[in-house]
Amino acid sequence: MKILVINGPNLNMLGKREPEIYGTTTIEEIEKSLSEYARSFEGVELEFFQSNHEGEIVEKIQGALGTFDGILINPAAYTHTSLAIADAIKAVNLPSVEIHLSNIHSREEFRKNSFTAPACIGQIAGFGKNSYLAALFCLVKHLENR
Ligand code: DQA
């Protein structure tokens, strides 16, 4: 089972970026934790991709068709703006889980809307780096039960 993990804009700054909201864990540390956790499931392989560019994320999602079984995605600020990323997820029709470190529903009004969540099988928000681990668990179980 191959899972693509996509992180959107400014998530390469994790650790330094607004640590009171996003914590002090870096993206590399999150990816390492995910890789370690993936080993507890049989046959789960992860590939990581981070980009600050909407079009690159769209192209990565398009390229996942035929190669990956599912997608974990933190679209970051594009969550609240990107019809293009939402359409790409719908276009490939791969089970996808939306991830947020922070609880976007308890923050500014504009963060409460997600263009991308309706294209996903679910959303996990508010658990910091553990949002990623919870999302991996949920996606693997979803794919195993298909
Ligand atoms: C985020 C929440 C978004 O609103 C924000 O723009 C981010 C990070 C999160 O993981 O909590 O960049 O996706």
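I will take the ligand site, then an arginine beside it in the talk order, then a pair of helices.

Please keep in mind that this is a predicted model.

Ligand site to begin with. Which residues are around the ligand? The list runs Arg 17, Tyr 22, Asn 74, Ala 76, Ala 77, His 80, His 100, Leu 101, Ser 102, Ile 104 and Arg 111. Sorted by class, that shell has 5 nonpolar, 4 polar and 2 charged residues.

For Ser 102 the distance is 2.6 Å. For Asn 74 it is 2.8 Å, and for Arg 111 it is 2.8 Å. As for exposure, the ligand taken alone exposes 320 Å², and the protein buries 99% of that.

Next, Arg 107. Where does Arg 107 lie? It sits in the loop that runs between β4, residues 96–100, and α5, residues 109–112. The Arg 107 side chain makes a polar contact of 3.0 Å with the side chain of Tyr 22. Another polar contact, at 2.9 Å, joins the side chains of Arg 107 and Ser 102. Both partners, Tyr 22 and Ser 102, are among the residues around the ligand. If we leave aside neighbours within four places in sequence, Arg 107 is in contact with Ile 21, Tyr 22, Ser 102 and Lys 112.

Last, the helix pair. Two packed helices are described by the angle between their axes and the distance between the axes. Helix α2, residues 27–38, packs against helix α6, residues 130–144, at an angle of about 30°, and the axes are 10 Å apart. Their crossing is right-handed. On the α2 side the contact is made by Ile 30, Ser 33, Leu 34, Tyr 37 and Ala 38, and on the α6 side by Tyr 132, Leu 133, Leu 136 and Phe 137. By class, the contact of α2 with α6 has 8 nonpolar residues, 1 polar and no charged.

That is the end of my part.

Technical notes
Residues numbered from 1 in each chain as written. Predicted model: local features only at pLDDT ≥ 70, side-chain atom pairs only at ≥ 80, totals over all residues. Heavy atoms only, no water. Near = heavy atom within 4 Å. Polar contact = N/O pair within 3.5 Å; in protein donor to acceptor, adjacent residues only side chain to side chain. Areas by Shrake-Rupley, 256 points an atom, 1.4 Å probe, with all protein chains shown as cover. Nonpolar A, V, L, I, M, F, W, Y, C, P; charged D, E, K, R; others polar. Helix = DSSP H or I, 4+ residues; strand = E, 2+ residues; numbered from the N terminus. Contact = heavy atoms within 4.5 Å. Axes fitted to C-alpha atoms, helices over the stretch in contact; angles between N-to-C directions. Left-handed = near helix turned anticlockwise from the far one by under 90°.
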